[in-house]
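Please open the model in your viewer and keep the selection panel at hand.

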Amino acid sequence: MSYERPYEGLKVVDLSQGLAGPYCGMLMAQQGADVIKIEPQGGDWARLIGGVFGDHTAYSIVANTGKRALAMNLKSEPSGEIVDKLIAQADVFIEGYRPGVAERLGYGYERLRALNPGLIYVSVSGFGQCGPMRDRPAMDPMLQAFSGFVAENTGTDGTPHHTPVSYFDMSTGLYAQQALAAALYARRDGAEGRKIEVSLLEAAASIQAVRLLSGYRTGPRRASTAPSGTFQTSDGHIQINIVRDREFKVFCDLLKLDDLWANEKYHTIAGRLEDIDFLYDYVRRFTASWKTAELSDLLSKAGLQNEVVQTYRELVHHPQAEAVGVFSWLQQAGANDPWPVPNIPGLPAFVPGDERAQSPTVGQHTRQILMELGYGNDQIDTLYADGVVA
């Protein structure tokens, strides 16, 4: 055990698919746990979303790096014996089925607790384990709409927008992992295991807590200062955030917006907010004639908050990201060149070639795991031939 790998020696059985539950398991793997991902013989459905490279997509790499993979047909009779042997040795079990499915498959909490009283059982769902919507399918975009996020995320056209960033899947995995960490800490003195329930619904509400509380009290989002927002330039876009009154004076001086500063009403935030639409149109006419980098350089030298609107590719190759070590370049099966995988904040950076930096292919470790459970090669060959494992 060490600060870098505090969960070394712990075993995690991960029966979840997609991103939320698997991301929780991936975090455990990066902190030293032996995480065994059990998935169907055709693979976790996250391996099929977006650009597919062999057995991998961006989803499967982020969700499974550092795990070992066992592929099996959970509906076949011999598979139950295999999973039970893994559960008997495990410290943690993660499932992400709709409510009631784990029980029907034989992997509900009560049965597994009887098999292993010290087991920490993590159940990840979409809308929670009860209530009128418990059985509804719930991927990240659905929770974006349901939780108020889409209503808040309006563009200049006034239309609510979904975002392609999986905020709520990822935050659900993070919340699940922090609850799991606390449970493991409490169990160190010999306490029995427990069941942890985490839903995308709860995570979506919690991660939006500040804006949610404000919106509940004051209604739809309104600008709090001006001019602040995204402005088009001659070759791109720039994000500008003018907060203090003195910053607005500097802004007007730099861009020679003398007409604006001549109006004393605009010397205060309150005054500027009264005419926010006029201010935005006025500023847009000026920024449109500037090159993005030149305008950003001018504002930055004056200490004004601004950033060039970048693409992901520009972020990956930016000198600041390289200086901080935001990314590690990791080779994964199925792609000819490495992926720029973000390092996990607070943990050691991924080391290319290290087992913790590899996302397994479907069933990559099936034979190895079965041998550890005491199965002989002949038995394993039979399981393969009968379609029990792959």
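This is a predicted model: local features need pLDDT of at least 70, side-chain atom pairs count only at pLDDT 80 or more; totals for chains, interfaces and linings use all residues.

Begin with the aromatic side chains, among which the count comes to eleven aromatic pairs. Select Phe93 and Tyr121, whose ring centres are 5.1 Å apart with the planes at 45 degrees, so the pair is tilted. Phe93 belongs to strand β4 (residues 92-95) and Tyr121 to strand β5 (residues 120-125), so this contact ties together parts that are 28 residues apart in sequence. Phe93 counts as buried, at 0% relative accessibility, and Tyr121 counts as buried at 0% as well.

Next, select Tyr266, Phe278, Tyr282 and Phe286, which ring pairs link into a cluster.

Now turn to the largest pocket, with a volume of about 1,500 Å³. Select Ala58, Val62, Tyr312, Pro340 and Pro342, which are the closest to its centre of the 40 residues that line this pocket. Elements giving two or more residues to this lining include α1 (20-30), α2 (58-64) and α8 (167-186), and by class the lining has 31 nonpolar, seven polar and two charged residues.

Finish at the second largest pocket, which holds about 820 Å³ of space. Of its 24 lining residues, select Arg221, Ala223, Ser228, Gly229 and Tyr280, which lie nearest its centre. Strand β7 supplies the largest share of this lining, five residues, and the lining divides into seven nonpolar, twelve polar and five charged residues.

Note on methods: Residues are numbered from 1 along each chain as its sequence is written. Side-chain values use heavy atoms; hydrogens and water are left out. Rings of Phe, Tyr and Trp (its six-membered ring) pair if their centres lie within 6.5 Å; planes under 30 degrees apart count as stacked, over 60 as edge-to-face and the rest as tilted. Helices (H or I, at least four residues) and strands (E, at least two) are DSSP runs, numbered from the N terminus. Buried means under 20% relative accessible area, exposed over 50%, partly exposed in between (1.4 Å probe, protein chains only). On a 1 Å grid over the protein atoms alone, a cavity is a set of points where a 1.4 Å probe fits but cannot get out, and a pocket is an open set with protein on both sides within 12 Å along at least five of seven lines; lining residues have an atom within 4 Å of a point. Grid points are joined across faces, edges and corners, and a volume is the space filled by probe spheres set on the points. Ala, Val, Leu, Ile, Met, Phe, Trp, Tyr, Cys and Pro count as nonpolar, Asp, Glu, Lys and Arg as charged, and the others, Gly among them, as polar.
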